Amino acid sequence: MSFAVMPFFRLARAGFVMAREGVFGLASLPDLPTGPRVMIAAARLLERRTVKNKSADLRLSDALNRLGPSYVKLGQFLATRADVVGKDAARELAALQDRLPPFDHDEAREAVAEQLGKPVEEVFAEFGQAVAAASIAQVHPAIVREKDGTERKVAVKVLRPGVSRRFQRDLESYYMVARLAERFHAPSRRLRPVAVVDTLAQSVAIEMDFRLEAAALSEMAENTVEDPGFEVPGVDWLRTSKGVLTMEWIDGRKMSDLDGLRQDGHDFEALAAAIIQNFLRHTLRDGFFHADMHQGNLFVQTDGTLVAVDFGIIGRLSKRERRFLAEILFGFITRNYKRVAEVHFEAGYVPADQDVDMFAQAIRAIGEPIHGHHASEISMARLLTQLFEVTELFHMRTQTQLIMLQKTMVVVEGVARTLNPNLDMWKTAEPVVGSWIKEHLGPTGKLRDAGDALASLARIANDMPIFADRIGRLSEEVEEMASEGLRFNRETAEAIGKAEARHTRSGRVALWVIALSISAIAAQMFF
């Protein structure tokens, strides 16, 4: 009973907290259907009286802080979309990225000692107070003394106590909503809400293990070693465990400190372009990208170099998916909407029974208003609404392998737009996407693909003797089964017997429950 009831009450509490804090009063998506409008109006009846005197920028952050880490993650995402939630709300939500209240310093020391198996004094020469605290962990400055007596400064990331348990409780609520939506709301099935929560759950599980984050940092460092203007901190593997990550200390200005960046004399337009282009370069070239690139996870060094931290959430794309992505982006850049539509069909994103020309027309309706206009002239809220309408019109199902990519593209563009409100997304993306298209889909790329195909054929040829042996054994087993019948070993037979016994007992219990229920109903009717 608790598995069904408790997630419902936790979700109801979340809705109640948001209603009380006036969050629903911030909803301003255009063309909202009647049902959601009525629900929002009803929720607003629960608002505190003091909310009317409370600035809009405080409502979301207060509510999300009260609800816990998984909801804070939502706030971090919204902080990058000032065009959707408003500039004041986005500015306040930015505080959720790295300025949450830290947990007790002694607790952090105990966690480090437990995770590393040594007292903190044996591991670090100094271990300072937390300088940044987010939903999952907090960061402490520390000093490491090497064997030769030299000292170096490091950043120690410590997992929040109990955060994994809280995330799991919230995930139960998300799963409940997803399953109810798939069962009772047929239109939502194409969005695959359960699969989306599965992706979120997997991401959270990975994010809670700092050894995996350390591996992601190491992989990104190898991929970008020759990339000018982009770096990641090095990992101290000897002082890293599941709940503690020790890495190189970064001296730089946080991307969220716009006034400080302006005082340092940085070129905001160049920084915005660098964020977009580095993300696309990692995605298309490597198929491996930072999937949480909000302002709190980006630093700018004095020479303009971008340094990315917090690789708890990463995304990956196969070579096939990268090709589809590049062709779709390049089609938007060159305004070749027919090709964009064709790629969607080739990738299987749009069902084959739909009309490609009609889909191209719908894509044109989305793409044309963007071209030739600054970002400040575009309503992102209206654009998002239109995108959802198109996916519904053409019965497009959610592609779970692209969830991280889609989410990160929205975040990255939002960060870039905080630096340059007049950002032209397509013009900025063209150098990277065009170069990738030329290299991989031109003559050189076709020769490379041919070489890969020949290599695959060679591997198959080498494995042919193994395949032949397996097929031979399978043929013998099928022939024996045909002549002697299907046989079970003793363990299998016993397992089947036990399962049948359990099924019989369950059936008797169910019959008794049904009988008692009918008796109770009859008693109510006649007495």
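Trainee: How does H395 count when its relative accessibility is read?

Mentor: The general idea is a scale with two cut-offs, on which buried means under 20% relative accessible area, exposed means over 50%, and partly exposed lies in between, with a 1.4 Å probe and protein chains only. H395 has 48% relative accessibility and therefore counts as partly exposed. H395 lies in the loop between α18 (380-393) and α19 (403-419), where helices (H or I, at least four residues) and strands (E, at least two) are DSSP runs, numbered from the N terminus. The phi of H395 is near 55 degrees, a positive value in a residue that is not glycine.

Trainee: What kind of model is this, and how are its residues numbered?

Mentor: This is a predicted model, in which local features need pLDDT of at least 70 and side-chain atom pairs count only at pLDDT 80 or more, while totals for chains, interfaces and linings use all residues. Residues are numbered from 1 along each chain as its sequence is written, and side-chain values use heavy atoms, with hydrogens and water left out.

Trainee: Which residues of helix α16 are buried, and what do they pack against?

Mentor: In helix α16 (residues 337-347), the buried residues are Y337, V340, A341, V343, H344, F345 and A347. They pack against α15 and α17 (356-367).

Trainee: How should I read the way in which α14 and α20 pack?

Mentor: Two packed helices are described by the angle between their axes and the distance between the axes. The axes are lines fitted to C-alpha atoms, for helices over the stretch in contact, and the angles run from 0 to 180 degrees between N-to-C directions. Here, helix α14 (residues 268-286) and helix α20 (residues 425-441) have axes that come within 9 Å and cross at roughly 30 degrees. The two helices α14 and α20 are therefore roughly parallel, given that angles under 35 degrees count as roughly parallel, over 145 as roughly antiparallel, 65 to 115 as roughly perpendicular and the rest as oblique.

Trainee: Which residues bring α14 and α20 together?

Mentor: From α14 come A273, I276, Q277, L280, R281, L284 and R285, and they meet M425, T428, A429, P431, V432, V433 and W436 in α20, where contact means heavy atoms within 4.5 Å. By class, these residues are ten nonpolar, two polar and two charged.

Trainee: At what angle does α14 pack with α15?

Mentor: Helix α14 and helix α15 (residues 319-334) pack at about 135 degrees, with axes 8 Å apart, and α14 and α15 are therefore oblique to each other. In this contact, L280, T283, L284, R285 and D286 of α14 meet R322, L325, A326 and L329 of α15.

Trainee: How do α15 and α20 lie to each other?

Mentor: Their angle is about 130 degrees, with the axes 9 Å apart, and α15 and α20 are therefore oblique to each other. Their contact includes A326, L329 and F330 of α15, together with A429, V433 and W436, among others, of α20.

Trainee: Where is N278, and is N278 buried or exposed?

Mentor: N278 is found in helix α14, and at 4% relative accessibility N278 counts as buried. Leaving aside neighbours within four places in sequence, N278 is in contact with G229, F230 and L306.

Trainee: How can I read F103, in the loop between α7 and α8?

Mentor: F103 lies between α7 (95-98) and α8 (105-116), and at 12% relative accessibility F103 counts as buried. Beyond its neighbours within four places in sequence, F103 touches residues including A108, Q138, V158 and P161. F103 and P161 are 58 residues apart in sequence, yet their C-alpha atoms are 8.4 Å apart in space.

Trainee: What does the whole chain look like in numbers?

Mentor: The chain has 22 helices and eleven strands, and 43% of its 527 residues count as buried. Among contacts between residues at least 6 apart in sequence, 68% join residues at least 24 apart.

Technical notes: Nonpolar A, V, L, I, M, F, W, Y, C, P; charged D, E, K, R; others polar.
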